[in-house]
Amino acid sequence: MIKRVFDIVFSMLFLFLFAPIMVVIAFLVYLNIGKPILFRQTRPGLHSSPFNMIKFTTMITIFDDKGNLLDDEKRLTDFGKFLRSTSLDELPELWNVLKGDMSFIGPRPLLMEYLPLYSSSQLRRHEVKPGVTGWAQINGRNSISWDEKFILDIWYVDNFSFWLDIKILLITFKKVIMRQDISKEGVATMSKFQGSNK
């Protein structure tokens with residue numbers, strides 16, 4: 001209950017405070033990347049229930065000669081890289097937090113297509129609401145392997161508390177300011193999860 005009250009109060013506060021910044025970002029996304037300004041995608045939430053997550057668009061839509069979408073690194077614009085490195089692309093997720101689809105703190109919502117690939121242990125990450133940031137994000141984010149991420153996610157599920165959430169939130173602010181662990185060296189985005197033998 002405390003966690004949900006915290007999510008409601010601070011998502012409303014941050015939406016109000018960041019509204020002018022979000023308007024500017026939306027305008028710059030339109031100028032530098034184009035439409036749609038907001039990226040919407042179905043992700044699994046609490047108990048794997050689907051919801052529509054929203055972020056600012058960071059990639060352009062470009063296809064090869066055969067009609068296949070080009071790799072992320074070829075579609076990610078310089079402005080998109082800036083948004084990701086500063087986590088400004090995540091600001092619209094405050095609306096997901098206010099609605100109750102997400103929490104400020106929890107395992108990051110991944111792709112629906114990953115659900116059949118999880119082991120029974122990895123699937124436990126959906127026993128709590130997904131978060132804007134989480135234990136895995138402050139302990140490596142995209143610079144660690146998928147197996148390491150899931151271990152950290154499950155540790156959070158087994159140990160989460162209000163005070164742990166506060167700790168994660170404070171460390172997240174530090175990580176964002178220093179732009180740490182955005183991606184692995186030489187890789188624009190995290191590679192897709194292919195399943196694990198662990």
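Let me start with P36, which lies in the loop between helix 1 and strand 1. Helices here (H or I, at least four residues) and strands (E, at least two) are DSSP runs, numbered from the N terminus. The bond joining K35 and P36 is a cis peptide bond, with omega about -5 degrees.

Before going on, a word on the source. This is a predicted model, in which local features need pLDDT of at least 70 and side-chain atom pairs count only at pLDDT 80 or more, while totals for chains, interfaces and linings use all residues. Residues are numbered from 1 along each chain as its sequence is written, and side-chain values use heavy atoms, with hydrogens and water left out.

Now the overall layout. The chain has 6 helices and 4 strands, and along the sequence they come in the pattern α-β-β-α-α-α-β-β-α-α. Of its 198 residues, 43% count as buried. Buried means under 20% relative accessible area, exposed means over 50%, and partly exposed is in between, using a 1.4 Å probe and protein chains only. For contacts, meaning heavy atoms within 4.5 Å, take the pairs at least 6 apart in sequence: 71% of them join residues at least 24 apart.

Strand 1, residues 38–44, and strand 2, residues 50–56, pair in the antiparallel sense over 7 bridges.

S48 is partly exposed, because its relative accessible area is 22%.

Is E93 buried or exposed? E93 counts as buried, because its relative accessible area is 0%. Leaving out residues up to four places away in sequence, E93 touches M53, I54, K55, M102, R108 and V132. With R108 there is also a side-chain to side-chain polar contact at 2.8 Å. A polar contact is a pair of N or O atoms within 3.5 Å; within protein, one must be able to donate a hydrogen and the other to accept it, and residues adjacent in sequence count only if both atoms are side-chain atoms.

Just after helix 3 comes S87, with a positive phi of about 65 degrees, although S87 is not a glycine. S87 is found in the loop between helix 3 and helix 4. S87 counts as buried because its relative accessibility is 18%.

Last, the helix packing. Two packed helices are described by the angle between their axes and the distance between the axes. The axes of helix 1, residues 2–32, and helix 6, residues 162–178, come within 10 Å and cross at roughly 35 degrees. Axes are lines fitted to C-alpha atoms, for helices over the stretch in contact, and angles run from 0 to 180 degrees between N-to-C directions. The crossing is right-handed, that is, the near helix is turned clockwise from the far one by less than a right angle.

From helix 1, I2, K3 and F6 meet F162, D165, I166 and L169 of helix 6. By class, this contact has 5 nonpolar, no polar and 2 charged residues. Ala, Val, Leu, Ile, Met, Phe, Trp, Tyr, Cys and Pro count as nonpolar, Asp, Glu, Lys and Arg as charged, and the others, Gly among them, as polar.

Helix 6 also holds L164, which is buried, given its relative accessible area of 10%. Setting aside neighbours within four places in sequence, L164 is in contact with W135, W155, Y156 and N159. W135 is 29 residues away along the chain, and the C-alpha atoms of L164 and W135 are separated by 9.0 Å.

Note on methods: Pairing = 2+ DSSP bridges.
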